[in-house]
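The sequence and the structure are shown first, and a description follows.

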Amino acid sequence: MQTWVLYALLSMFSAGAVSVIGKMGLTGISSEVGLTVRTLFVSFFVLIFAGIFTQAKEYATLAWENYLWLGISGLATAFSWIFYYKALKIGNVANIALIDKGSVVVAMILAYLFLGEAISWRMAGGCSLIVCGLLVIAWR
């Protein structure tokens with residue numbers, strides 16, 4: 001198994017657990033307070049992780065483009081988390097998590113448009129199935 005596949009699988013299982021654990025943590029508090037506490041924990045753990053696995057000289061290689069794109073990515077992450085936690089507070093975890101995975105389709109389209117990544121027939125078919133699944137889930 002290639003390393004990136006292992007990391008992606010670990011990410012998948014972690015992300016799946018996030019929804020259920022996050023919903024449990026929102027009991028009796030607002031989504032904003034829950035997201036704030038969660039983000040503080042994330043920041044703390046990421047700083048520890050970077051401190052252990054990153055050499056200080058790597059930060060000297062950062063260019064303004066890195067700051068720009070990573071800053072925009074951080075902003076997109078913040079919006080994603082804000083809306084996800086608002087939905088999680090009032091909705092069903094399974095439905096929210098499944099709809100959120102529609103981000104795969106968005107990522108694939110944006111990667112095609114901005115990064116020039118190819119979309120194979122297999123990937124297009126998978127995206128179509130995701131969209132069909134989202135419509136089935138969202139249909140009332």
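Which helix supplies the largest share of the lining of the largest pocket? Helix 1 does, with seven residues.

## Basis of the description

The model is a predicted one, in which local features need pLDDT of at least 70, side-chain atom pairs count only at pLDDT 80 or more, and totals for chains, interfaces and linings use all residues. Residues are numbered from 1 along each chain as its sequence is written, and side-chain values use heavy atoms, with hydrogens and water left out.

## Overall architecture

The protein chain has six helices and zero strands, giving the pattern α-α-α-α-α-α along the sequence. Helices (H or I, at least four residues) and strands (E, at least two) are DSSP runs, numbered from the N terminus. The C-alpha trace spans about 55 × 45 × 30 Å along its principal axes.

Of the 140 residues in the protein chain, 14% are buried. Buried means under 20% relative accessible area, exposed over 50%, and partly exposed in between (1.4 Å probe, protein chains only). Among contacts (heavy atoms within 4.5 Å) between residues at least 6 apart in sequence, 73% join residues at least 24 apart.

## The largest pocket

Rolling a probe the size of a water molecule over the atoms shows where empty space is left. On a 1 Å grid over the protein atoms alone, a pocket is an open set of points where a 1.4 Å probe fits, with protein on both sides within 12 Å along at least five of seven lines; lining residues have an atom within 4 Å of a point. Grid points are joined across faces, edges and corners, and a volume is the space filled by probe spheres set on the points.

The largest pocket holds about 450 Å³ of space. Its lining consists of 14 residues, and those nearest the centre are Ser11, Ala15, Val18, Asp100 and Lys101. Helix 1 (3-25) and helix 3 (64-90) each contribute at least two residues to this lining. By class, the lining has seven nonpolar, four polar and three charged residues. In this scheme Ala, Val, Leu, Ile, Met, Phe, Trp, Tyr, Cys and Pro count as nonpolar, Asp, Glu, Lys and Arg as charged, and the others, Gly among them, as polar.

## The second largest pocket

The second largest pocket has a volume of about 200 Å³. Val18, Ile21, Gly22, Gly25, Leu26, Gly34, Val37, Arg38 and Tyr85 line this pocket. Two or more of the lining residues come from each of helix 1 and helix 2 (31-53). Helix 1 gives the most, with four residues. The lining divides into five nonpolar residues, three polar and one charged.

## Helix 1 against helix 3

The axes of helix 1 and helix 3 come within 9 Å and cross at roughly 65°. These axes are lines fitted to C-alpha atoms, for helices over the stretch in contact, and angles run from 0 to 180 degrees between N-to-C directions.

Ser19, Gly22 and Lys23 in helix 1 meet Tyr84, Tyr85, Leu88, Lys89 and Ile90 in helix 3. The residues of this contact comprise four nonpolar, two polar and two charged.

## Individual residues

Phenylalanine 53 lies in helix 2 and counts as exposed because its relative accessibility is 60%. Its C-alpha atom is 23 Å from that of tryptophan 64, eleven residues away along the chain.

Isoleucine 109, in helix 5 (residues 103-115), counts as partly exposed because its relative accessibility is 43%. Isoleucine 109 and cysteine 127 are 18 residues apart in sequence and 9.7 Å apart in space, C-alpha to C-alpha. Alanine 94 belongs to helix 4 (residues 93-100) and, at 42% relative accessibility, is also partly exposed.
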